[in-house]
Amino acid sequence: MNTQNIIQQMKEIFKEIPFGIEHTLKVLKNAEDIMEGEIVSSKEKELISIVAVLHDIGAVEAQRKYGSIDGVYQEKEGPAVARQILEKEGLSSKDIERICYIIGNHHTPSKIDGLDFQIQWEADLLENLTAMDKQQEIKKCIDENFKTATGKRIAYNRFILD
């Protein structure tokens, strides 16, 4: 499986929403940073990287259908778009189902059911925290959402001033 092919397809889809490419690549980097400090098999790393690349892939279709890229619409539209890409890349149906489950729920923390999903949640949240400006809100958000030691450490180092 070639993650670079998937990145190229993501960039093609996001031509209409260019900030989506930048956000996605930052989330991928965050996921890679978190995986470095956690115990994750090479197979899981591959799948988590793919989830990071495709997590917002439904945004363009959501914008077209609903005039909004809100999370609820991304969750609704993302799995079908991702599935087309993943089938073309030849992933197993089991891997496709897992990736699509995470994409279809990536704005719903109550659906987190594994380390792969948790790492994606934290990687995306690290990017979304940049939009918050109050230290107390950021600290509370980190404490409530980050479960991996690595993700929490990265978030504290990046956002909590001593």
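Q: Which residues count as nonpolar, charged or polar here?
A: Ala, Val, Leu, Ile, Met, Phe, Trp, Tyr, Cys and Pro are nonpolar, Asp, Glu, Lys and Arg are charged, and the others, Gly among them, are polar.

Q: So what classes line the largest pocket?
A: Five nonpolar, six polar and five charged residues. The model is predicted: local features need pLDDT of at least 70, side-chain atom pairs need 80 or more, and totals for chains, interfaces and linings use all residues. Numbering runs from 1 along each chain as its sequence is written, and side-chain values use heavy atoms, without hydrogens or water.

Q: How much space is in that pocket?
A: About 270 Å³, as filled by probe spheres set on the grid points. A pocket is an open set of points on a 1 Å grid where a 1.4 Å probe fits, with protein on both sides within 12 Å along at least five of seven lines; lining residues have an atom within 4 Å of a point.

Q: Which residues lie nearest its centre?
A: Phe 19, His 23, Asp 56, Gln 74 and Asn 128, out of 16 lining residues.

Q: Which helix gives the largest share of the lining?
A: Helix α2, with six residues. Both α2 (18–37) and α7 (115–128) supply at least two. Helices are DSSP runs (H or I, at least four residues), numbered from the N terminus.

Q: New topic. Which residues of α4 are buried?
A: In α4 (residues 59–66), Ala 59, Val 60 and Ala 62 are buried (under 20% relative accessible area, 1.4 Å probe, protein chains only; exposed is over 50%, partly exposed in between). They cover an arc of only 165° around the axis, so they sit on the same side of α4. The arc uses directions from the helix axis to the C-beta atoms.

Q: What do they pack against?
A: Helices α1 (3–13) and α5 (71–88), with contact meaning heavy atoms within 4.5 Å. Just after α4, Gly 67 has a positive phi of about 70°.

Q: How many salt bridges are there?
A: Eleven in the whole structure. Each has a side-chain nitrogen of Lys or Arg within 4 Å of a carboxyl oxygen of Asp or Glu.

Q: Which residue pairs with Glu 77?
A: Lys 65, at 3.0 Å between the closest N and O atoms. This pair links distant parts of the chain, α5 and α4, twelve residues apart. Glu 77 is buried at 8%; Lys 65 is partly exposed at 46%.
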